[in-house]
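Work through the exercises below with the sequence and the coordinates at hand. Each task is followed by a solution in steps.

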Amino acid sequence: EATWCLIQEALNKHGTLLQLNLFIAGYTDTVGDKASNRALSNSRAASIAAWFRKRGLRIPIYYAGYGEEGLSVKTPDETEEQQNRRAKYVLSSHTPSGPELPTNEWRPL
């Protein structure tokens, strides 16, 4: 709910000046194999994207799952870490990239 309010506030402030898009990146911890974690994080990001659309967000929404890539807290393999099970939201007029967004595999909702 807090994220929804922040996005709406940013759209109200900048949405008339720029064509903004919402990018949602999902992540996991290192428990499990990399392929399963990538699928889980992708499902997490897609679910969040669908939630925003259902709430009425009408700007373009993209999502991607990065699994174990871009850990918030560096851990060895097979380590539970709550802080790594997360989603990142980027509101931008350009496709984001960086260390926590290691690939450009954004899927449109």
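**Exercise 1. Charges over rings**

Task: In this predicted model, find the ring under Arg86 and the distance to the ring centre. Then find the ring under the charged end of Arg55.

Solution. Step 1: Arg86 lies over the face of Tyr27, at 4.0 Å from the ring centre. Step 2: the charged end of Arg55 sits over the ring of Trp4, 4.9 Å from its centre. Step 3: for a charge over a ring the cut-off is 6 Å from CZ of Arg to the ring centre. Step 4: Tyr27 also belongs to an aromatic cluster, together with Phe23, Tyr62, Tyr66 and Trp106.

**Exercise 2. Aromatic pairs of Phe52**

Task: Determine the geometry of the pairs that Phe52 forms with Trp51 and with Tyr89.

Solution. Step 1: a search of the whole structure gives eight aromatic pairs. Step 2: one of them joins Trp51 and Phe52, with 5.1 Å centre to centre and 85° between the planes, and is edge-to-face. Step 3: for Phe52 and Tyr89 the ring centres are 5.8 Å apart and the planes stand at 75°, so this pair is edge-to-face. Step 4: Phe52 is in helix H2 and Tyr89 in strand E3, so the pair ties together parts that are 37 residues apart in sequence. Step 5: apply the burial cut-off of under 20% relative accessible area. Phe52, with 2%, is buried, whereas Trp51 at 35% is partly exposed and Tyr89 at 34% is partly exposed.

**Exercise 3. The nonpolar cores**

Task: Which elements give two or more residues to the largest nonpolar core, and which gives the most?

Solution. Step 1: the largest nonpolar core has 14 residues, and those with the most contacts inside it are Ile7, Leu11, Leu22, Ile24, Phe52, Leu57 and Ile61. Step 2: helix H1 (2–14), E1, H2 and E2 each give two or more residues to this core. Step 3: H2 gives the most, with four residues. Step 4: a second, separate core has eight residues, including Ala25, Tyr27, Tyr66 and Val90. Step 5: leaving out residues up to four places away in sequence, Phe52 touches Thr3, Trp4, Ile7, Leu22, Ile24, Leu57, Ile61 and Tyr89.

**Exercise 4. Strand E2 and its partners**

Task: Which strands pair with E2, and in which sense? Why is E2 largely enclosed?

Solution. Step 1: E1 (residues 21–26) pairs with E2 in the parallel sense over five bridges, and Gly26 stands opposite Gly65. Step 2: E1, helix H2 (residues 34–54) and E2 make a right-handed β-α-β unit. Step 3: E4 (residues 107–108) runs antiparallel to E2, and two bridges join them. Tyr62 stands opposite Pro108 in E4. Step 4: four of the five residues of E2 (residues 61–65) are buried, so the strand is largely enclosed by the rest of the structure.

**Exercise 5. Two single residues**

Task: Is Asn37 buried or exposed? What is the phi of Glu78, and where does Glu78 lie?

Solution. Step 1: Asn37 lies in helix H2 and, at 5% relative accessibility, counts as buried. Step 2: neighbours within four places in sequence aside, Asn37 is in contact with Thr28, Asp29, Thr30, Val31, Gly32, Gly67 and Glu68. Step 3: Glu78 has a positive phi of about 65°, although it is not a glycine. Step 4: Glu78 is in the loop between E2 and strand E3 (87–92). Step 5: with a relative accessible area of 48%, Glu78 is partly exposed.

Notes
Residues numbered from 1 in each chain as written. Predicted model: local features only at pLDDT ≥ 70, side-chain atom pairs only at ≥ 80, totals over all residues. Heavy atoms only, no water. Buried < 20%, exposed > 50% of the residue type's maximum accessible area, 1.4 Å probe, protein only. Pairing = 2+ DSSP bridges. Right-handed = clockwise from strand over helix to strand, strands pointing away. Contact = heavy atoms within 4.5 Å. Core = buried A, V, L, I, M, F, W, Y, C linked by side-chain atoms within 4.5 Å. Phe/Tyr/Trp six-rings, centres within 6.5 Å; stacked < 30°, edge-to-face > 60°. Lys NZ or Arg CZ within 6 Å of the ring centre and 35° of its normal.
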